[in-house]
Amino acid sequence: MIIRYCKGCGAKLQDENPELAGFIPKISDDSKYCKRCFRLNHYNELPKIVATNDSYEEVIDNVIKKNGLIVFVVDIFQFKSTFNKKMIDKIRNKNVILVANKYDCFPKSTNVAKIVDWLSHECEKIFFKVDAIHIVSSKRGYFIEDLTNTIDLARKGRDVYFVGCANVGKSSLINALLKKNTSLKDDVISVSRIPGTTLNEINIPFFDDYKSFIDTPGLINEHDILNKLLPKTYESIMPSNEMKPKTFQITDGNSICLAGLASISFESCDRLSVITYTSNTLYIHRCKTEKLEDLFKNNLGKLLNPPLLEEKDNLEYVDFEYEFKDNNKRSIWFSGFGFVDVMGKCKIKIKLIKGTEVYITDAII
Ligand SMILES: Nc1nc2c(ncn2[C@@H]2O[C@H](COP(=O)(O)OP(=O)(O)O)[C@@H](O)[C@H]2O)c(=O)[nH]1
Ligand SMILES: [Mg+2]
């Protein structure tokens with residue numbers, strides 16, 4: 001019997017164990033998708049989380065061995081956590097195109113050239129040489145033609161491998177490239193907001209010289225807040241359309257809560273501007289710092305939601321302190337759900353869920 005692979009997630013099709021990847025009740029010559037991908041594509045049913053990072057090393061080593069063109073995809077909204085150091089060390093000194101996806105989540109007024117400059121500076125800081133930088137939206141199809149042209153030029157007769165962290169939109173990007181450049185109307189590869197939807201390499205013959213686009217499973221970010229929450233909460237924390245930034249004038253002794261996922265308390269400051277960039281449905285609450293502890297103690301899962309009441313008992317919070325010594329604008333990145341720009345000298349205390357991460361960079365916008 002010919003071994004067949006699911007076109008949606010790349011898993012080997014099998015009709016023996018419904019609990020394992022690639023299950024389909026009966027395999028026939030025209031079986032294309034496993035049951036999990038079929039249900040995801042037709043009923044929008046979220047797949048169970050099955051992926052781990054156990055074999056990630058193998059995935060990326062295999063890509064490097066093939067010596068194709070590498071398209072390294074990051075999520076511009078989760079830039080700091082998806083511009084993953086481990087991944088970069090693996091693909092350093094290869095032919096790499098850096099693609100920052102999900103541009104549609106940024107305010108329309110954001111200047112693309114400035115983001116490219118910012119990204120290029122972030123690459124320089126860690127001596128990561130890339131052949132080109134592109135900003136795209138796979139979901140809306142923005143700037144996909146430009147990327148197609150760059151890939152055509154840089155490929156030089158080779159296959160094109162899409163690598164990056166889980167959930168940055170690698171599969172969506174290949175779907176977008178296929179839709180822009182062929183008569184296909186529907187997604188070919190399965191896409192979902194559950195990390196680990198793609199389980200194996202997926203080879204899609206695309207070029208006239210019989211070379212392919214190759215999708216790969218993503219590296220799962222262990223510090224992602226999604227790992228601490230239930231899948232039904234993802235929707236309210238992952239932005240799915242243009243973010244409307246919220247601006248606050250802050251003085252000494254004020255705090256801002258990003259629902260119950262994190263808070264920032266400000267001290268040793270005059271008036272300063274703080275802008276939050278998160279999913280529009282995430283509740284942002286401003287309060288006096290002296291009330292903060294009470295609020296987290298008595299209102300977590302209620303006013304400060306998410307986390308849901310059923311999630312909150314599994315969460316522990318930790319504090320992190322930092323000082324901005326000049327008036328430059330900075331971005332504070334919360335791994336998994338957004339960033340906050342701060343402009344002005346101040347001391348900050350960040351409360352965040354234990355096991356998640358926060359990063360500080362020069363402001364992206
Ligand atoms: N807003 C927005 N969401 C996107 C975009 N591309 C992908 N997504 C969403 O991000 C999630 C992960 O996408 P997927 O392609 O499965 O990521 P992969 O794990 O890297 O293959 C899904 O919920 C997609 O709908 C984009 O350009 N904009
Ligand atoms: Mg995928």
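This is a predicted model: local features need pLDDT of at least 70, side-chain atom pairs count only at pLDDT 80 or more; totals for chains, interfaces and linings use all residues.
Biologist: Which domains is the protein divided into?

Modeller: Domain 1 covers 1–45, domain 2 covers 56–221 and domain 3 covers 235–362. The C-alpha centres of domain 1 and domain 2 lie 25 Å apart. In the contact between these two, domain 1 supplies 10 residues and domain 2 supplies 10 residues. On the side of domain 1 that touches domain 2, six residues are nonpolar, three are polar and one is charged.

Biologist: How do I read a nonpolar core, and which residues have the most contacts inside the largest one?

Modeller: The general idea is that nonpolar side chains tend to be buried together in soluble globular proteins. In this protein, buried residues make up 40% of the 365 residues. The largest nonpolar core has 80 residues, and those with the most contacts inside it are Ile70, Val71, Phe72, Val74, Val99 and Phe162. Strand E1 (residues 69–75) gives the largest share of this core, six residues. At least three residues of the core come from each of domain 2 and domain 3.

Biologist: What does Phe72 touch, leaving out residues up to four places away in sequence?

Modeller: Phe72 touches Ile91, Val96, Leu98, Val99, Val163 and Gly164. There is also a second, separate core of 11 residues, which includes Cys6, Cys9, Ile24 and Leu199.

Biologist: Which residues are closest to ligand 1?

Modeller: To read a ligand site, list the residues around the ligand, then sort them by class. Ligand 1 is surrounded by 21 residues, and the closest are Lys139, Gly169, Ser171, Ser172 and Arg193. By class, this shell has four nonpolar, 12 polar and five charged residues. Helix H7 (residues 170–181) gives the most to the shell, with three residues.

Biologist: Arg330 is in strand E13. Is Arg330 buried or exposed?

Modeller: Count the C-beta neighbours. Arg330 has 20 of them inside 10 Å, so it counts as buried. Apart from residues up to four places away in sequence, Arg330 touches Phe324, Asp341, Val342, Ile360, Thr361, Asp362 and Ala363.

Biologist: How many buried residues does helix H9 have?

Modeller: Helix H9 (residues 289–299) is hardly covered, and the count of buried residues among its 11 residues is zero. Just after H9, Gly301 takes a positive phi of about 85°.

Biologist: Which residues does a cis peptide bond join, with omega about 0°?

Modeller: Omega is the angle to read here. A cis peptide bond joins Asn305 and Pro306, with omega about 0°. The bond from Pro306 to Pro307 is also cis, with omega near 10°. Pro306 is in the loop between H9 and helix H10 (309–312), and Pro307 is in the loop between H9 and H10.

Biologist: What is phi of Asn67, and what is phi of Tyr210?

Modeller: Phi of Asn67 is near 60°, a positive value in a residue other than glycine. Asn67 is in the loop between helix H2 and E1, and is exposed, with 12 other C-beta atoms within 10 Å. Phi of Tyr210 is near 65°, again positive in a residue other than glycine. Tyr210 is in the loop between strand E5 and strand E6, and with 8 C-beta neighbours inside 10 Å counts as exposed.

Technical notes
Residues are numbered from 1 along each chain as its sequence is written. Chains are lettered from A and ligands numbered from 1 in the order in which they are written. Domain bounds come from an automatic or database domain assignment. Two residues are in contact if their C-beta atoms, placed from the backbone, lie within 7 Å. Ala, Val, Leu, Ile, Met, Phe, Trp, Tyr, Cys and Pro count as nonpolar, Asp, Glu, Lys and Arg as charged, and the others, Gly among them, as polar. A nonpolar core is a set of buried Ala, Val, Leu, Ile, Met, Phe, Trp, Tyr and Cys residues joined through C-beta atoms within 7 Å. Helices (H or I, at least four residues) and strands (E, at least two) are DSSP runs, numbered from the N terminus. A residue is near a molecule or strand if its C-beta atom, placed from the backbone, lies within 6 Å of it.
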